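Trainee: I would like a close look at a single part of this protein. Please take me through it slowly, then set it in its surroundings.

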Amino acid sequence: MCGIVGYIGDKQAFPILIKGLKRLEYRGYDSAGIAIIGEETNTFKIKGKVSDLENFVVNEDTSGNIGMGHTRWATHGEPNNDNAHPHTSTHGKFIVIHNGIIENYSTLKESLLEKGYSFKSETDTEVLANLIEYFYLKGGVTAEEAVRFALQKVSGAYALVVLSHDEDDKLIAARKGSPLVIGIGDHEYYVASDATPIVEHTKSVIYLNDFDIAILKKNELSLKTIKNIKITPKIQKIDLEISSIEKGGFDHFMLKEIFEQPETVLNTIRGRVSAETKTIQHGGILSVLPQIVNAKRLIIIACGTSWHAGLVGEYLFEEFARVPVEVEYASEFRYRNPVLYKDDVVIAISQSGETADTLAGIRLAQDAGALVIGICNVVGSSIARETTAGIYTYAGPEIGVASTKAFTSQVTALTSLSLMIAKEKNTIEQSLYENLISELVEIPSKIELILQQNEKFRAIAAMYKDAENFLYLGRGFFFPVALEGALKLKEISYIHAEGYPAAEMKHGPIALIDKKMPVVVIAAKDKSYDKIVSNIQEVKARKGIVIAVVTQGDTVIRKMADHVLEIPKSHEALAAILAVIPLQLLSYHIAVMRDCNIDQPRNLAKSVTVE
Ligand code: M6R
């Protein structure tokens, strides 16, 4: 939530900042702004997208070699010009951009008002700017010290960049709870919420840790804690190609990411799952394997789509590794005082690795003595760094706000992990284990076959683009797929959609069914196939419209359903990965036909770094 970018060096800052903001726009896109130090310091900000900002400054002086930019996802105060970042302190000494939430901002604001500070916005960030200025003007401190003193007074989360009017040869960056990466160029530095604005300039980066402060000058970087303890920077190389963060000829990132899934699922299993030797090895968890194998219980924590992947994980681990599993919304888990034992293993799932509630859940579990492992996509993210061990999904950057390839890679990782644990525990028959390995390596080519039917999915989308409600039903492994299908539709097309376990339909949702209501039933062949066939009959008996996801060659449901979306035959435990793909494409096409903003749906942001 909110994207931050900064530059200091010999180049013109403006083009770097604008391009960087465009790359970060998936993090928030309700307003944008920049501050640049040139002959004088100029600040421009406006409600709207980065392109609106670009148009807004077209006749302005944006020259200068030091600057910072922000793209906002509103928390405190509606999206408008005043609430847009950067925020300047009352006496003009500091300019601040911020991602996160200052939780004690109202107390701080009251005290600053009493001291004569004034506020132009409703944001918590302006409080921070004024607080820094307050410490600075008290006298005898540098800009850096003023920032450190102010940060010691705030609670909440922040990634921020500060420009000082009096010390205009530096950028001061700090983090607690929200991500920040420093890029090291040749006599220049970059700072950003993630590596995407940096990667085309340098591959050398430093990930800031909580309570770190970086002072960036053209030829000098110094890293400290907010308690002024010097830190030796740990420079890492990022492995990110520019092509992976561009649309590559697709109309939208979401479509590109859907079509990348044969490759991304392959990346998740590459070097880990071998059809030749019939083995699975996740190197990232080997150090804690005995603890996982001996766990009395697994607790999966996640949010949104990652939580849906976790639900598939529950079915997988219980089925194969015979271990009880609880799947928790991280936001509920963290506030509920959950009962945790030392022999519990917690699995945190997150695409971004920055979701605030999931991070807080991890910390809570670790404090209780539980082992926490991560399943993360973004390499070097906070969750990847804070968990004891883990599995990277290697799906590559996911830019579209609606998660697609992250889900299939998460489920793939959970599938292979559950099989690896089952094998260690001897809870799976060798023949089934080998069969599932063979099937898992075939999943990418089966996804290709589904993608080839895209035109057919588009045609069905055209028929139902004006529906007001959708119901999604599934059983077993397909219940989480129903939830995920419904989430995809509502978040990008703004059509109300609900996912339900198919058997629960008759306990309430059946009352909604009429001849206008499309019901998407995930009905691929599995052990409850006959039961789902009955559910379809129940919908048809009430004149509902049935769009069924079926196994290729199914003739029974074809006769009953209004439309069938076919997926190749596979073991039911793996079919969740396949069944979600027609649903992703259905949602995508409906949203395109409704003229929705596919990659930047209203009110959403990719990475939810606020609680
Ligand atoms: O980065 P994470 O996987 O932790 O994100 C969790 C959710 O915010 C995310 O899945 C969200 O629900 C997506 N918009 C779903 O498409």
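How do the residues of the lining of the largest cavity divide into nonpolar, polar and charged?

Mentor: The model is predicted, so read every value here as computed from predicted coordinates. The lining divides into three nonpolar, seven polar and two charged residues.

Start with the space itself. The structure holds one cavity of 30 Å³ or more. Its volume is about 80 Å³. The lining residues are Cys 2, Arg 72, Trp 73, Thr 75, His 76, His 85, His 98, Gly 100, Thr 123, Asp 124, Thr 125 and Val 610. Two elements give two or more residues each to this lining: strand E6 (94–102) and helix H4 (124–137).

Now sort the names by class. Cys 2, Trp 73 and Val 610 are in the lining, and Cys, Trp and Val count as nonpolar. Arg 72 and Asp 124 also line the cavity, and Arg and Asp count as charged. The polar group has seven residues. Among the lining residues are His 76, His 85 and His 98.

Two of the lining residues lead further. Take His 85 to begin with, a member of the lining. A cis peptide bond joins His 85 and Pro 86, with omega about 0°. Pro 86 sits in the loop between strand E4 (66–72) and strand E5 (87–88).

Then take Trp 73, another lining residue. Trp 73 is touched by Leu 604. Leu 604 also touches Tyr 29, Val 401 and Glu 491, leaving out residues up to four places away in sequence. Leu 604 lies in the segment after helix H19 (572–593). Its relative accessibility is 26%, so Leu 604 counts as partly exposed. For scale, pair Leu 604 with Lys 170. They are 434 residues apart in sequence and 33 Å apart in space, C-alpha to C-alpha.

Next, the open space. The largest pocket has a volume of about 970 Å³. Of the 42 residues that line this pocket, the closest to its centre are Asp 239, Leu 240, Val 378, Val 379 and Pro 397. Strand E14 (236–237) and helix H7 (261–269) are the elements that give two or more residues to the pocket lining. H7 gives the most, with three residues. By class, the pocket lining has 15 nonpolar, 13 polar and 14 charged residues.

Some single residues elsewhere deserve a look. Thr 404 lies in the loop between strand E21 (389–392) and helix H13 (405–425). Thr 404 has 0% relative accessibility and therefore counts as buried. Setting aside residues up to four places away in sequence, Thr 404 touches Met 254, Glu 257, Ile 258, Gln 261, Glu 398, Lys 488 and Gln 584.

Tyr 394 lies in the loop between E21 and H13 as well. Tyr 394 has a positive phi of about 55°, although it is not a glycine. Its relative accessible area is 39%, so Tyr 394 is partly exposed.

Arg 322 also has a positive phi, near 50°, and is a residue other than glycine. Arg 322 lies in the loop between helix H9 (304–321) and strand E18 (325–329). With a relative accessible area of 58%, Arg 322 is exposed.

Pro 509 is found in the loop between strand E23 (496–501) and strand E24 (518–522). At 7% relative accessibility, Pro 509 counts as buried. Beyond its neighbours within four places in sequence, Pro 509 is in contact with Leu 471, Tyr 500 and Glu 504. Pro 509 and Gly 77 are 432 residues apart in sequence and 37 Å apart in space, C-alpha to C-alpha.

Last, step back to the whole protein. There are 19 helices and 26 strands. The C-alpha trace spans about 80 × 55 × 45 Å along its principal axes. A compact globule of 611 residues would have a radius of gyration near 25 Å, and the protein agrees with its 25 Å. Of the 611 residues, 63% count as buried. Residues 24 or more positions apart account for 72% of the contacts with a separation of 6 or more. The protein exposes about 22900 Å², and carbon and sulfur atoms supply 49% of that area.

Key
Residues are numbered from 1 along each chain as its sequence is written. This is a predicted model: local features need pLDDT of at least 70, side-chain atom pairs count only at pLDDT 80 or more; totals for chains, interfaces and linings use all residues. Side-chain values use heavy atoms; hydrogens and water are left out. On a 1 Å grid over the protein atoms alone, a cavity is a set of points where a 1.4 Å probe fits but cannot get out, and a pocket is an open set with protein on both sides within 12 Å along at least five of seven lines; lining residues have an atom within 4 Å of a point. Grid points are joined across faces, edges and corners, and a volume is the space filled by probe spheres set on the points. Helices (H or I, at least four residues) and strands (E, at least two) are DSSP runs, numbered from the N terminus. The radius of gyration is taken over C-alpha atoms; the globule rule is 2.2 Å times the number of residues to the power 0.38. Buried means under 20% relative accessible area, exposed over 50%, partly exposed in between (1.4 Å probe, protein chains only). Contact means heavy atoms within 4.5 Å. Accessible areas come from the Shrake-Rupley method with a 1.4 Å probe; for residues, only the protein chains shown count as cover.
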